[in-house]
Amino acid sequence: MSKVKYYYDSETLSYKKIERRKGRQLGIVFLSIAGAFLAGFILLVIYLNIPQLETPKEKALRRELENMKLQYGLLNRKMNQVQEVLANVEDRDNNIYRLYFEANPIPEEQRLAGFGGINRYKDLEGFDNSKLIIESHKKLDILTKRLVVQSRSLDEIVSLAEDKQALLASIPAIMPVKNEHLKRMASGYGWRTDPFTKVRKFHYGMDFSAPRGTPVYASGDGVVRRADNRSSGYGRHIRIDHGFGYTSLYAHLYKYNVRAGQKVKRGDLIGFVGSTGRSQGPHLHYEIFKDDDRINPLNFYYGHLSPAEYDEILQQAQQENQSLD
């Protein structure tokens, strides 16, 4: 119950009740409400501008988040360095290694293929640091892809190098007889006079005159395919399959030092000079086949002769004299 207030009227010498005005009451109510709102606003501004007190757990989480952001930054920097190194390896792979071994370069599109289509990083969106995390994952995925492609390329290069090494060892690259004085080359590859018919015909090999029993050596690594006399005109002869399409033939032998199916290395003793078959005298008839076509053996002596020796034997081989078979 509200209290009733009175005032003393000096004219009537009596007490009268104080009557409250409705407008004044409403004003008081409005001022009270406005004061309350103003006080609340001031308190809110103060609250927002004063650092909030963190719990120990919140402080630990904030430090962990800051550390993760730092680690992601360092990771991105390291990935950028790895990308530079990998780019250098890729450049050498295309322009040196694959070029040397006659392999086609790997196009840039192939190294970076496989990252289009659906959004593979959708699960990483919607976080405060999504952009940083997504960029790191993209770089890591691209690096992984490029490393896989480069690894396969290097495996191919190793295989090509092994094949090249085997090829270099297999090619018939030395003379089949020792040539201390370079005087044993009796007839070369080309048109020559037949010693029996005296008719000019093509001579498909090289004749090395030597005494009966002179050692004959394999001119390259390979497998002996034939060591017999079942071929017209060659007499006792040996055929070595060197692989890569190359075959060497050694004819008119006195005897063999190998058998069919035997593996030989360049420089191994395989037989001895003779005069069997269609032969005018003791000598070695030597031929080289490439993909079943007979080619000039003179082109393959790079592993045996010096430039001066090669020039001397080249002059002898170019003379259109009489062959010995």
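Start with the largest nonpolar core: select Phe-208 and Ile-270, which touch the most other members among its 28 residues. A core here is a set of buried Ala, Val, Leu, Ile, Met, Phe, Trp, Tyr and Cys residues joined through side-chain atoms within 4.5 Å, with buried meaning under 20% relative accessible area, exposed over 50% and partly exposed in between (1.4 Å probe, protein chains only). This is a predicted model, where local features need pLDDT of at least 70 and side-chain atom pairs pLDDT 80 or more, while totals for chains, interfaces and linings use all residues. Numbering runs from 1 along each chain as its sequence is written, and side-chain values use heavy atoms, without hydrogens and water.

Now colour β6, β9, β10, β13, β14 and α5: each supplies at least two residues of this core. β14 gives the largest share, three residues. (Helices are DSSP runs of H or I, at least four residues, and strands runs of E, at least two, numbered from the N terminus.)

Zoom in on Ile-270. Beyond its neighbours within four places in sequence, its contacts (heavy atoms within 4.5 Å) include Val-216, Ile-238, Tyr-250 and Val-264.

Next, select α5, residues 307–317, and show its buried residues Ile-313, Gln-316 and Ala-317. They sit on the same side of α5 because they cover an arc of only 95° around the axis, taken from the directions from the helix axis to the C-beta atoms. That buried set packs against β3 (185–187), β4 (190–193) and β6 (206–209).

Last stop: Leu-38, in helix α1 (residues 22–49). Leu-38 is exposed, at 52% relative accessible area.
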